[in-house]
Amino acid sequence: MTSLISVSDDLTFALSNSHFSYVFRVSPEGILEHLHYGGPLSDPLKVARHHRRTLRHVASTFQGGKYYSLSDTPQEYPSFGTSDYRFPAVHGRNADGNTIFSLHYVKHRIVQTKPKIKNLPSARGGDSETLIITLQDKLHRLRVELNYTVWKDHGVISRSVRFKNLSDKEIQLQHAFSSALDLPAGEYEIQHFHGTWAREFNEERTPVPHGRFVADSARGTSSAAHNPYVAVLQKGTTESYGRCYGTTLVYSGNFAIHVERGEFEDVRVLAGINPFNFHWRLKPGKGFSTPEALHAYSGEGLRGLSHHWHDFIREKITPERFKGMPRPTYLNTWEAAYFDVDENKVLELADKANDIGVDMLVLDDGWFEGRQDDTSSLGDWRADKTRFPSGIPDLAAKVKAKGLKFGIWFEPEMVNPRSQLFENHPDWILHVPGRVSSLGRNQLTLDLSRTEVQDYLFDEIDAVLSCGDIDYVKWDMNRNMTEVGSAALPRNRQRETSHRYILGLYKLLDRLVEKHPNVLFENCASGGNRFDLGMLSYMPQGWISDMCDPIGRLSIVGGASYLFPLDVMAAYIGPSPNHQNGRVSSIRTRFMAGAFCSARGVSLSEAEINSHESEIVEYMRFAKETADDMIGGGFDRVKNTGNEIAWQYTTADENTVYLAYFHILSAPNLPFRRTRLVGLDPNAKYKLDDGQSEIYSGDMLMESGMPMPQVGTGEKVPHVRYMPDGDFSSHIFVFRKVTG
Ligand code: GLA
């Protein structure tokens, strides 16, 4: 492997591969100055400095340097108080009450094996190099190690920071961002994703304002309100044009991504733990590690950026043992029966699962002691004896005897006040003494920072997984945290609780996935309230939203696809009228909105299954037949006019291309429309798999485009495809490359 990191004698550092170059240097004053992040440079160590030293009126100059102000200097890890007034990456207080930090270069080293981050998940190394730069604040005696990893084949760079207190007094960290990225002056836009329950991943584009834009969470989870993903885009960026810089975190708790446009038009991106309501006491000799931040760069618009992320998440984030593994199709009991489940009902649904040809039966909420509705029993993870008299292992065996896999739901991090667990351990919840604990969905949050809580949950879940033959676990988490405080932490460490909670969660997950490596865990938090790369490090797929209406789901899947590959998404055909927004839609469109997700299934009552059985059988057959294809391929958003959406999915071997077309509201006498495909082999021929043996060339499909079906009923005209549903129509084309 040619070297990915080069260093010059005068301490310029270049991290480069065929996708990008990232360059910075040590200034004569010992400050790390950022020089370039963008397309690959043939001689990156020779990059010209964007900034020159100049006289700035009003700006303060840095510690005696005449023409040197940190206010206009792009930096790698800025601090506050020595001539830079923008938001700093690190901030804190020493024992004397001093809050000014100044970090200077000490030394660096390059390692071939990517170091793990203590107690936190992080991207896997391999074909990578890591640069570790040591900085130090001489006065506070705080050592700061910046870690940068670059991979040979990925357009992604990772960053994290390790602090160590070398002094003999305590230092309090108040900001400890994982990464700072200072981009040169220019016209940029922000792309970010906001939402709420059942309306996750709404894309918003906004010019980078003067001042500061913040996407963050103080809810204890990374949250649906702002997903921890922000991209800074060259103004006017489209799917195929523009320089794009994406930033995300391998973290599931309170995060912040700041984008600040300074007085000299430069743009600073900070990513890490949310500094609001955080601090960490660093005792003498102790260390603290930040979560990992990831940046991706594309010079060719959002399509290129998404492809970098998709490849990276598949290769370096989701558990390796599930890589390339086709996902089972399933029937989930939730929208089929809600809490009205018992052994007979589950076995009947298992028969239905067999009738419609899916691989797995998933028993969702409602199976444990006393759980009749959402007012009780979370925490008591033993089967309800009245409804499941022979227990879960026996039920799993009966379901498996029918030739199905078996999956089960847990919401481990929660407890209802009406539960045995709460009666026995009222102090095990997050709470603040003297304050009433706010409920969310009638439940309280367990204090996962406590070892005894982690141990209890490990034992309870392990007991269920060890006794029965269980293939899959849906790990749910259905409320945001309030009154966050821990009975196990001293008064002056209470603001560490949220981060310690996440460390505890990761520790619990580490133990469970190590003990049960073959169980497929699916991440859920009322849908997408904690859909992030931290959770994906343990769970290769997630329930992205409780919104199963296909039109609602289109924008959720489409929005999430800017960062996440559809390999990590689960989707099912839910009821119509939809239980979240009341919309009536066809089985076909309900399936199509999730057709390119890796995990597909059904959650319908027996009555609804019976009345659409042949159609459901057809789509579940399609899901099974395409299970291999929907892992590892390329996803592209090829059309979005608001009323029309088209997505392309190209299999990893590039031999099959799927094109899904959605027409939302119908109208009469519409124009003829076409959709241009992307990334095909222009010289190849593609045969349409619809029994009509039409053959198209790759260049024709990309340059001229594929004619889209008309919405309509009534008399049909030869050679025109129709979508008969009226509103909320969909159509799928399957193209197979003609070989030989
Ligand atoms: C959450 C999940 C649903 C379902 C219910 C069960 O809302 O997102 O899919 O599992 O909990 O209570």
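Predicted model: local features only at pLDDT ≥ 70, side-chain atom pairs only at ≥ 80, totals over all residues.

**Salt bridges.** I searched the whole structure and got 55 salt bridges, each being a side-chain nitrogen of Lys or Arg within 4 Å of a carboxyl oxygen of Asp or Glu. Side chains of opposite charge can pair when their charged atoms come close. Residues are numbered from 1 along each chain as its sequence is written, and side-chain values use heavy atoms, with hydrogens and water left out.

I looked at Arg-86 and found a salt bridge to Asp-84, with the closest N and O atoms 3.0 Å apart. Are these two buried or exposed? Arg-86 counts as buried because its relative accessibility is 6%, and Asp-84 is buried too, at 1%. My cut-offs here: buried is under 20% relative accessible area, exposed is over 50%, and partly exposed is in between (1.4 Å probe, protein chains only).

Next I checked Arg-205 and Glu-189, whose side chains meet in a salt bridge at 2.8 Å, N to O. Arg-205 sits in strand β12 (residues 199-207) and Glu-189 in strand β11 (residues 188-196), so this pair ties together parts 16 residues apart in sequence. Arg-205 is partly exposed at 33% relative accessibility, whereas Glu-189 is buried at 16%.

The pair Asp-359 and Lys-624 also forms a salt bridge, 2.9 Å from N to O. This one links distant parts of the chain, 265 residues apart: Asp-359 is in the loop between α3 (343-356) and β22 (360-363), and Lys-624 is in helix α12 (residues 613-625). Lys-624 is partly exposed, with a relative accessible area of 41%.

**Ligand site.** How many residues surround the ligand? I get 13, and the closest are Asp-364, Asp-365, Arg-441, Lys-474 and Asp-546; a residue is near if one of its heavy atoms lies within 4 Å. I sorted the shell into 4 nonpolar, 3 polar and 6 charged residues. For that sorting, Ala, Val, Leu, Ile, Met, Phe, Trp, Tyr, Cys and Pro are nonpolar, Asp, Glu, Lys and Arg are charged, and the others, Gly among them, are polar.

Then I listed polar contacts, meaning pairs of N or O atoms within 3.5 Å; within protein, one must be able to donate a hydrogen and the other to accept it, and residues adjacent in sequence count only if both atoms are side-chain atoms. A side-chain N or O atom of Asp-365 is 2.6 Å from a ligand oxygen. For Arg-441, a polar side-chain atom is 2.9 Å from an oxygen of the ligand. Gly-527 uses its backbone: an N or O atom there is 3.3 Å from a ligand oxygen. Taken alone, the ligand exposes 300 Å², and the protein buries 97% of that; the areas are Shrake-Rupley with a 1.4 Å probe, and for residues only the protein chains shown count as cover.

Arg-441 is in the loop between α5 (420-424) and β25 (444-445), and at 29% relative accessibility it counts as partly exposed. Phe-728 also has a positive phi, near 60°. I placed Phe-728 in the loop between β39 (722-723) and β40 (729-737), where it counts as buried at 13%.

The bond joining Ser-576 and Pro-577 is a cis peptide, with omega about -5°. Pro-577 is in the loop between β29 (569-573) and α10 (587-592).

**A buried serine.** Ser-603 is in the loop between β30 (599-602) and α11 (606-611) and counts as buried, at 0% relative accessibility. What does its side chain reach? I found the backbone oxygen of Asn-332 at 2.9 Å, and the backbone nitrogen of Glu-335 lies 2.8 Å from a polar atom of the Ser-603 side chain.

Definitions and conventions:
Helix = DSSP H or I, 4+ residues; strand = E, 2+ residues; numbered from the N terminus.
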